[in-house]
Amino acid sequence: MKRITIYDVAKEADVSLATVSRVINDSSVVREDTRQRVQEVIERLGYKPNAVAQGLALSKTTTVSIVMSEKLLAYNAKILNGLMDVANIYHYNVMFHTTSKGISKMQDVIESIIKSRVDGVIIFNDNFSEDEMDVLNEYKIPMVIVGSKVEGQNHDHVGNVYVDMEKICHDMVQKYFENGIDDIALVEDKLNLSMMRQLKAGVESAYQESGKEFNNYLSYNDTYKTSYQYFSEYFKEHKPAKLNIAFRDSQAIAILNAAREHGYRVPEDLEIVTILDSKYLPMMRPTISAFNIPDYDMGALAMRMLTKMLMNNDEKGVQKEIEIQAAPIVRESTR
């Protein structure tokens, strides 16, 4: 028999997850007709809200939860090291959740976080939707988002340690414009859609400021094999852009290999830069340019921010937004 979740109730009642959460917690901000509709659905579906409500943190557990995508473990290893080191200093236990594609997995994660009575949560990038964050906010669980800048409305109990991806792309594109290059492509990464929105916004704003229109956003699947297959076919019909911006190393390597196999030279015919640096990029020939993001510091600052939020119950005086600066690493794939 299928387990009924808060997602099922929200869908059936045609309301947000946060509204269901407010009804469960008897919040006064819900309209009476909406409350009745949600309660009717809860009873009809047989949902057991008390199983979730028991997770309200009435006492400290000295446990924090870290949530990240299982496909990004390798990229976030240094961030995790920073998080864990600070957690150990302040004697916090860590509950680790990995997410994969599919709503059922996220349902399990969000309910596990609430039921386990963790004191706080560290979330990587695109793991939670705005609606799901609303639910955690209703339970007053302090959260810190690490990675990219938080989009949408501000939440009462949410901090953010981030790299300004929009500014990175804007400034990079603007520099190429100054050197007479406006033939630029941005490669989509479906594993990091929040960051991609910001990267794309940065490229588009630089184009708009120069009176140009950006229309070279390349979208496809997210593995090296599919990246290589895509660009192998793409370069049969299209000449590579002068500058190709990727987010991950596998995409940049796929562009490099496919382009060279079609007779294009790097960096003479096309330049390649990826946002995230990795150990593989200096191994390539030519080596591939990237950005130096202080990952360990990002993780350490995120966990320290969360501990401050936990120590200050009203969270007043706690800096909840910290921007991390990234510096370009110029290698052989760019001039």
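Aspartate 182 forms a salt bridge with lysine 212, with 3.3 Å between the closest N and O atoms. A salt bridge here is a side-chain nitrogen of Lys or Arg within 4 Å of a carboxyl oxygen of Asp or Glu. Aspartate 182 sits in the loop between α8 (165–178) and β6 (184–187), and lysine 212 in the loop between α9 (193–209) and β7 (217–218), so the pair ties together parts 30 residues apart in sequence. Helices (H or I, at least four residues) and strands (E, at least two) are DSSP runs, numbered from the N terminus.

This is a predicted model: local features need pLDDT of at least 70, side-chain atom pairs count only at pLDDT 80 or more, and totals for chains, interfaces and linings use all residues. Residues are numbered from 1 along each chain as its sequence is written, and side-chain values use heavy atoms, leaving out hydrogens and water.

The whole structure holds 13 salt bridges. Helix α3 (residues 32–45) contains both arginine 35 and glutamate 32. Their closest N and O atoms are 3.7 Å apart in a salt bridge. Arginine 35 is buried, at 10% relative accessible area, while glutamate 32 is partly exposed, at 47%. Buried means under 20%, exposed over 50%, and partly exposed in between (1.4 Å probe, protein chains only).

Glutamate 40 and arginine 44 also form a salt bridge, at 2.9 Å from N to O. They are 4 residues apart in helix α3, about one helical turn. Glu12, Glu40 and Arg44 are linked in a network of salt bridges.
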